[in-house]
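I opened this model to take notes on its cores, its chain contact and its sheet. My entries follow in the order I looked things up.

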Amino acid sequence: MAEYLQNAWTGWTGYTDNGKLPALLMAVLLFLWFGRKRREHTPLLVYTSLMTICCVLPVTAALLMMYQTKFYHYEWIWSLVPLSAVTAWGLACGWTEYRAENGGQWKKTAPFTLLLLALLLFCGSLGSAVWDRDARREERRAAYSVLEQLSDRYSGERLCLWAPWEVMEYAREKDAGILLPYGRNLRDGFLNAYSYDAYPEEIVMLEQWMEHMSMTGEADMETAPTGKEETGAEAVAGEKAEAADGKKAEAADGETAQPGNTEEEKPARHVITLEACVEKALEQGVNCILIAGEASEDAVARMEKALDTKAEALEGYYLFVIY
Amino acid sequence: MFGDFLIAGEIVIIGLAAAAHLTAVVLGWSFSRCVLFFAGLVCAALVGGAGVLSVGRIRSGKPFFPGKGDKPALRKPGRTEGCLYAVSALIFLTQLIFICMGDTNYREGDMTVETVGSFLAADALYQVNPMTGFPYTQGIPSRLKILCLPTLYASLSRLTGLSPAIVVWKVIPVITLVSSYAAFTLLSVSLFPETDRDAYREKRACFMTVVSLLMWVGAYQPGMDGFQLLCGGWMGVTIRNLVLLPWLLSLCLRRKWIYAALCIPAEACIVWTLYGCGVCLLFLLCMGTIQVCRGMRGFLHNS
């Protein structure tokens, strides 16, 4: 209950941060209750007023949030309030009645109309949305272009793709025939409510490594020195990398899983190698890997060696396909 | 009224989709078989509906197609009313263009396109994780399995040959937009009845203009009506908030309780609610209780 109360308290602030339509609704309700000679549709007025109060007060809002289940955030309890309908009803009554009182004279009605219009527009966010539509469109266009070429080149093949996030997140919406080791729900936690499945740490490691590769172009990723015990996944990854190379990875010399000269001075650091990630990806059934075009020559060469295939260029990426 | 028929028809289609979907899930049918069953149900409903209407027409002695004299006389709208409807229509048109032309879908927390694509690619319902394409390891909540919208959209995609993205992000939001305007038109008729002494037609026109403006103004964050209509028209919550609820409200004002009750199962089929106890139920209960209390008060006052 405390969590619900906390969410209800912060939810109201968040709900009214970007736009002020709930405030406009309250003003309209005041007008409909007290600003008219004749009161109509009283049940609707009573219901809307009660629900608005319930949505604003934290305790009742928390109860409504319990009713709608944890699946939804605070803003969805406002579904119970006919916000658009009652706002439009009040404004329509206000405008037509004012116009009738003034005998339809435009000299008096026009300023009032403009005032209402301005009020309405300023209660929105004047065109600014909560997410960058143009950036999203551009991202999607670029990802679709890559995915289309992949589908064209390997039509009929069952691809299991491992790629940078900007491609992965559009892969399944573009072509549901493409399989992925991890999907959008890895970052959008809300999507996890749709299933009981969870990603093991090895899969999370794959995503982190790929993003590291996209940003730095380097084949090995040093994990942040947290001072904690190394995770099972990282330990396995490190061991497998060593096994794959047949010797202790040189890249790890002085850095990999070796504490500093004295353990007390430096916290433990760990390196996740390209070879370890590739092996893990192959275990997941991946047969198509894209890495960013900014990858170093060393990384490309090591990827070719690990997969025993040649890199191909594809729209600013290196493509590795194995059968 | 046309709006009533449109929305009731949509609820019937949702009901048929839910029936086909649940049958397929329980009996473990493939998606292809589910589509055939759904198409059969829709055809049967169309034939049945046409039959019932025909019998009704024959019994009432009315002609199948109204003649010139039977058509209701269209009243020429007043200047202000005409201007308001023109503005409203213009705004509606811009919203239609926005949905059809713009890449406007808001997909955070939503995976409908991937789910629809999974149904089509795997030829099975809720067997593979839409995010990865691999079979579920732990499964999905049973409440989720009841939701039929992905099956309905996937069936439309299969029957029309359109891609899941086109069906989910273009076709359905346009249908939702039209249905929403139909629902708000019905609401305007209920809010401003002809018995009103004042200029009810002008009020209705003004109401529709403000509603259409509110859809643009409110398109700033998830959960707002405008945002849901313009950027998430395929979602169950959008259909509930912008089609079912305004219609439900108009039915409550017209005291058509049986039709109003239809909205409750419809919501349960399309929105993840607390095992059916969704917004429509609470809304209907509250409105019904307030109206009954008010009626009793009036009755006691008169007696």
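**Cores.** I am working on a predicted model. I began with the largest nonpolar core, which has 119 residues. Which members touch the most others in this core? I found B:Phe207 and B:Leu248. By element, helix 7 of chain B gives the most to this core, with 12 residues. I then noted a second, separate core of 44 residues. Its members include A:Met210, A:Cys277, A:Ile289 and A:Ile291.

**B:Leu248.** I listed its contacts, leaving out residues up to four places away in sequence. B:Leu248 touches B:Ala260, B:Cys263, B:Cys280, B:Phe283 and B:Leu284.

**B:Val243.** I located B:Val243 in helix 10 of chain B. Is B:Val243 buried or exposed? I counted 28 other C-beta atoms within 10 Å. The cut-off for buried is 20 or more, so B:Val243 is buried. Next I checked what B:Val243 touches, again not counting residues up to four places away in sequence. The list is B:Ile7, B:Thr176, B:Ser179, B:Ser180 and B:Ala183. B:Ser179 and B:Val243 are 64 residues apart along the chain, yet their C-alpha atoms are separated by 6.1 Å.

**Contact between the chains.** How many residues does each chain bring to the contact? I read 62 residues from chain A and 62 residues from chain B. On the side of chain B that touches chain A, the elements giving two or more residues are helix 4 (112-122), helix 7 (164-191), helix 8 (200-217), helix 10 (236-254) and helix 12 (279-302) of chain B. Helix 8 of chain B gives the most to that side, with nine residues. I also sorted the side of chain B that touches chain A by class: 39 nonpolar, 15 polar and eight charged residues.

**Sheet in chain A.** I moved on to an open sheet of four strands in chain A. Its order is 1-4-6-5, and the pairing is mixed. Strand 1 (161-162) and strand 5 (312-314) of chain A stand at the edges. Each has a single partner strand, so one side of each is left without a neighbour in the sheet. Strand 1 of chain A pairs with strand 4 (residues 288-292) of chain A in the parallel sense, over two bridges. There, A:Trp162 has A:Ile289 as its bridge partner. Strand 4 and strand 6 (residues 317-321) of chain A run antiparallel, joined by five bridges. One bridge there partners A:Ala292 with A:Tyr317. I checked burial along strand 4 of chain A: five of the five residues are buried, so the strand is largely enclosed by the rest of the structure.

**Helix 3 of chain A.** I tested the length of helix 3 (residues 42-56) of chain A. At 1.5 Å a residue, its 15 residues should span 21 Å. The end C-alpha atoms are 21 Å apart, which agrees. Which residues are buried in helix 3 of chain A? I noted A:Leu44, A:Tyr47, A:Thr48, A:Met51, A:Thr52 and A:Cys55. Seen down the axis, the buried residues of helix 3 of chain A fall within an arc of 125°, so they line one face of the helix.

Note on methods. Residues are numbered from 1 along each chain as its sequence is written. Chains are lettered from A and ligands numbered from 1 in the order in which they are written. This is a predicted model: local features need pLDDT of at least 70, side-chain atom pairs count only at pLDDT 80 or more; totals for chains, interfaces and linings use all residues. Two strands pair if DSSP finds at least two bridges between them. A residue is buried if 20 or more other C-beta atoms lie within 10 Å of its own, exposed if 12 or fewer, and partly exposed in between; C-beta atoms are placed from the backbone. Two residues are in contact if their C-beta atoms, placed from the backbone, lie within 7 Å. Ala, Val, Leu, Ile, Met, Phe, Trp, Tyr, Cys and Pro count as nonpolar, Asp, Glu, Lys and Arg as charged, and the others, Gly among them, as polar. The expected span of a helix is 1.5 Å times one less than its number of residues. The arc is that of the directions from the helix axis to the C-beta atoms. A nonpolar core is a set of buried Ala, Val, Leu, Ile, Met, Phe, Trp, Tyr and Cys residues joined through C-beta atoms within 7 Å.
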